[in-house]
Amino acid sequence: MQPSLLNFIVCPVCKKDTLRYISIEKKKDTIIEGILICKACNEWYIIQERILELLKPDLNQERRQEFFEKYKTIFKRLKLKNNGIYSPTKELRDKMHQSHFFDHFSHDYVLETQTFWRAYYARTLQKFKSMIARNSIILDLGCGNGLGTAPFLGGQYTIIGIDLSPGMLKDAIRRSDNSASAGKNHFIVADAENLPFKEKIFDACIG
């Protein structure tokens, strides 16, 4: 996670712009492992393998529990608690299933190797690109492995991609790392039905 991401996000629980980060492992300007804390409601969010998971706690409770156990002494020092296991609704179970499903085959995601999809993405996204002004801030809603934002990674745009699958986002980050605009792009785990962003910050959205 890049600290500059704080310019765009709010707490998904209370919607307040009161987030601060605690860095556990950092490399240059990138937080590899850490905790994001909301000063308004005292909720916390994990940063793991460079990826911030900005979800309500019931949507990623297994990863939260593992992270909490791994860094228990830090959580104790910060006086942060894990509220335990939630009983998810059917809607939440469906979302968690979707996350696990895409995590499962994120290393073998073949769309961009297939001629039809390569042509489809190239034709569609180049048309979008011609309509979006340079220096725009673009939200990629359900970004997966970043295939949809690949044409915008040339340094003229700021990309914020969200997806429920951390596995897919790892590929999106690798794609961004190889671009001219690596420091301007952010890929986070978030719920499209509970967007954790400030009002009126995006110029365009790709879904």
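Analyst: In this predicted model, the lining of the largest cavity divides by class into seven nonpolar, five polar and two charged residues.

User: What makes this space a cavity, and how many are counted?

Analyst: A cavity is a set of points where a 1.4 Å probe fits but cannot get out, and by this rule the count comes to one cavity of 30 Å³ or more. The largest cavity has a volume of about 170 Å³. Of the 14 residues lining the largest cavity, Gln2, Arg50, Ile173, Asn185 and His186 are the closest to its centre, while helix 5 (166–177) and strand 7 (186–189) are the elements that give two or more residues to that lining.

User: Why is the pair of Phe116 and Tyr120 called stacked?

Analyst: Eleven aromatic pairs are counted by the ring rule. For Phe116 and Tyr120 the ring centres are 6.4 Å apart and the planes stand at 15°; since a pair needs centres within 6.5 Å and a stacked one needs planes under 30 degrees apart, the pair is stacked. The two residues are four apart in helix 4 (residues 115–131), and therefore about one helical turn separates them.

User: How do you know whether Phe116 and Tyr120 count as exposed or partly exposed?

Analyst: Exposed means over 50% relative accessible area, and partly exposed lies between that value and 20%. Phe116, at 56%, therefore counts as exposed, whereas Tyr120, at 41%, counts as partly exposed.

User: Why is the pair of Trp117 and Tyr120 called edge-to-face?

Analyst: The ring centres of Trp117 and Tyr120 are 5.5 Å apart and their planes are at 85°, and because planes over 60 degrees apart count as edge-to-face, the pair takes that name. Trp117 and Tyr120 are three residues apart in helix 4, about one helical turn, and Trp117, with a relative accessible area of 30%, is partly exposed.

User: What makes Gln61, Arg63, Arg64, Phe67 and Phe68 one side of helix 1?

Analyst: These are the buried residues of helix 1 (residues 61–70), and they cover an arc of only 160° around the axis, which puts them on the same side of helix 1. The face turned away from that buried side carries the exposed residues Glu62, Glu66 and Lys70.

User: Which residues do ring pairs link into a cluster with Phe67 and Phe68, and where does Arg64 lie?

Analyst: Ring pairs link Phe67 and Phe68 with Trp44, Tyr71 and Phe75 into a cluster. Arg64 lies over the face of Trp44, at 3.8 Å from the ring centre, where the rule asks for a distance within 6 Å.

Key:
Residues numbered from 1 in each chain as written. Predicted model: local features only at pLDDT ≥ 70, side-chain atom pairs only at ≥ 80, totals over all residues. Heavy atoms only, no water. Phe/Tyr/Trp six-rings, centres within 6.5 Å; stacked < 30°, edge-to-face > 60°. Buried < 20%, exposed > 50% of the residue type's maximum accessible area, 1.4 Å probe, protein only. Lys NZ or Arg CZ within 6 Å of the ring centre and 35° of its normal. Arc of directions from axis to C-beta. 1 Å grid on protein atoms, 1.4 Å probe; cavity = no way out; pocket = protein on both sides within 12 Å on 5 of 7 lines; lining within 4 Å. Points joined across faces, edges and corners; volume = space filled by probe spheres on them. Nonpolar A, V, L, I, M, F, W, Y, C, P; charged D, E, K, R; others polar.
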